[in-house]
Amino acid sequence: MHPIIATLLLAAAIAPGLTVGSPSLINETCTATSNYGYCLGVLSADPAGASAMDKRGLAIAEANITMRNVTSTVRVLTELVEELKLCIKYYQDMDDLVASAIDDLCVGRPAVTSFYKLHRASDEPGNCDIMLFEGSAHKNPVSSENMYNEAISKLTSDIVYQLVH
């Protein structure tokens, strides 16, 4: 077979796969949505959306984008739940330390014992913050609570320290 004929036959065979959808199809479709700019950006950036030949193709492309995002969000939430379980453990340890320090103070044990427990307890919110920051989810929905608990427990520790010295 002549090389030019072979090249033309090959080009004819792959040409349908190279057809790009009409930008006017995306524009027309996105105009009828609630967020034109977002729609245009998402569909134009996605190869399946950009090459869609009709609205059904755009719908399939957009549904696939949605599925990828949902799957990603489920993964992030699963990781976040696991990381929050570790934060709960930090806070349970903190609770035990603070309860024990209160008991020590109430029964008249040396204040230094309570000080060390409260000082250790004040580290737990930071441990939670660090773990969430370094974790897979990279989300910290309890940042403000951790800051408050760290500050209030350090304040308590500072007051008990005055009993020691």
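**Ground rules.** I call a residue buried under 20% relative accessible area, exposed over 50%, and partly exposed in between, using a 1.4 Å probe and protein chains only. I am working with a predicted model, where local features need pLDDT of at least 70, side-chain atom pairs count only at pLDDT 80 or more, and totals for chains, interfaces and linings use all residues. Residues are numbered from 1 along each chain as its sequence is written, and side-chain values use heavy atoms, with hydrogens and water left out.

**Entry 1: confidence.** I looked up pLDDT, the predictor's confidence in each residue, from 0 to 100. The chain averages 88. I also noted that 87% of the residues score at least 70. Where does pLDDT stay under 50? I found that stretch at residues 6-20. The model gives this stretch seven contacts beyond four places in sequence. A contact here means heavy atoms within 4.5 Å.

**Entry 2: overall build.** I listed helices (DSSP runs of H or I, at least four residues) and strands (runs of E, at least two), numbered from the N terminus. The chain has eight helices and zero strands. Of its 165 residues, 26% are buried. I then took the contacts with a separation of 6 or more, and 61% of them join residues 24 or more positions apart. The accessible surface comes to about 11000 Å². Carbon and sulfur atoms own 65% of that surface. These areas come from the Shrake-Rupley method with a 1.4 Å probe, and for residues only the protein chains shown count as cover.

**Entry 3: helix α3.** Which residues of α3 are buried? In this helix, residues 36-45, I noted Cys 39, Val 42 and Leu 43. Looking down the axis of α3, I see its buried residues within an arc of 90°, so they line one face. The arc is that of the directions from the helix axis to the C-beta atoms. I wrote a reminder beside this: an α-helix has 3.6 residues a turn, so residues three or four places apart point the same way. What do the buried residues of α3 pack against? They pack against α2 (23-31), α4 (47-50) and α5 (55-106).

**Entry 4: Ile 65.** I found Ile 65 in helix α5. Its relative accessible area is 11%, so Ile 65 is buried. Leaving out residues up to four places away in sequence, Ile 65 touches Val 42 and Asp 46. From Ile 65 to Asp 46 I count 19 residues in sequence and 8.2 Å in space, C-alpha to C-alpha.

**Entry 5: disulfides.** How many disulfides does the structure hold? I found two. The test is a pair of cysteine sulfur atoms within 2.5 Å.

I read 4% relative accessibility for Cys 87, so Cys 87 counts as buried. Cys 128 is buried too, at 0%. Counting bonded cysteines along the chain, I get the pattern 1-2, 3-4. Is Cys 106 buried or exposed? At 65% relative accessibility, Cys 106 counts as exposed.

**Entry 6: aromatic rings.** Rings of Phe, Tyr and Trp (its six-membered ring) pair if their centres lie within 6.5 Å; planes under 30 degrees apart count as stacked, over 60 as edge-to-face and the rest as tilted. I found two such pairs. For Phe 115 and Tyr 161 the ring centres are 5.1 Å apart and the planes are at 55°, so this pair is tilted. Phe 115 lies in α6 (residues 111-121) and Tyr 161 in α8 (residues 143-164), so the pair ties together parts 46 residues apart in sequence. Phe 115 counts as buried, at 13% relative accessibility. Tyr 161 is partly exposed, at 37%. Phe 115, Tyr 116 and Tyr 161 form one aromatic cluster.

**Entry 7: Lys 117.** I also checked Lys 117 in helix α6. Is Lys 117 buried or exposed? Its relative accessible area is 19%, so Lys 117 is buried. Leaving out residues up to four places away in sequence, Lys 117 touches Leu 97, Ser 100, Ala 101 and Asp 104.
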